[in-house]
Amino acid sequence: MTTSPHDLAICIGRFQLLHEGQLALIRHALASAPRCLVILGSAHAARSPRNPFTWAERAETIPRALPQEDQARLQFLP
């Protein structure tokens, strides 16, 4: 991580079935700031084929795709 003029990076998305493009976005945010806030869209939508996971389930899944040192730098909001 390099020194950054920013304290926080923000990523906004649904992150349903997390894919490499979304991970690249989160990795770029983590490279840009010491902390990253991930705002999970469709957070209050009922389960459906379009929204198969709750926001909390998505918030549990995303960190698992990143190294442990990056996991601690993430925060989630619905």
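Let me begin with the core. The largest nonpolar core has 16 residues, and Ile26, Val38, Ile62 and Leu74 touch the most other members. By a nonpolar core I mean a set of buried Ala, Val, Leu, Ile, Met, Phe, Trp, Tyr and Cys residues joined through side-chain atoms within 4.5 Å. Buried here is under 20% relative accessible area, exposed is over 50%, and partly exposed lies in between, with a 1.4 Å probe and protein chains only.

A word on the source. This is a predicted model, in which local features need pLDDT of at least 70 and side-chain atom pairs count only at pLDDT 80 or more, while totals for chains, interfaces and linings use all residues. Residues are numbered from 1 along each chain as its sequence is written, and side-chain values use heavy atoms, with hydrogens and water left out.

Which elements build the core? At least two residues come from each of β1 (8–13), α1, β2, α2 and β3, and α1 gives the most, with 4 residues. These elements are DSSP runs numbered from the N terminus, helices being H or I of at least four residues and strands E of at least two. Leu74 shows how the parts meet: beyond its neighbours within four places in sequence, Leu74 is in contact with Ile26, Leu30, Cys36, Val38, Ile62, Pro63 and Leu66, contact being heavy atoms within 4.5 Å.

In general, an α-helix has 3.6 residues a turn, so residues three or four places apart point the same way.

Two cysteines deserve mention. How many disulfides does the structure hold? A search of the whole structure finds 0, a disulfide being a pair of cysteine sulfur atoms within 2.5 Å. The sulfur of Cys11 has its closest cysteine sulfur in Cys36, 3.8 Å away, which is too far for a bond. Cys11 is buried at 3% relative accessibility, and Cys36 is buried at 0%.

Now the charged residues. The structure holds 4 salt bridges, each a side-chain nitrogen of Lys or Arg within 4 Å of a carboxyl oxygen of Asp or Glu. One of them joins Glu57 and Arg47 at 2.8 Å, N to O. Glu57 belongs to helix α2 (residues 55–64) and Arg47 to the loop between β2 (35–40) and α2, so this pair ties together parts 10 residues apart in sequence. Glu57 is partly exposed at 28%, whereas Arg47 is exposed at 52%. Another pairs Arg27 with Glu20, with 3.8 Å between the closest N and O atoms; Arg27 is partly exposed at 36% and Glu20 exposed at 55%.
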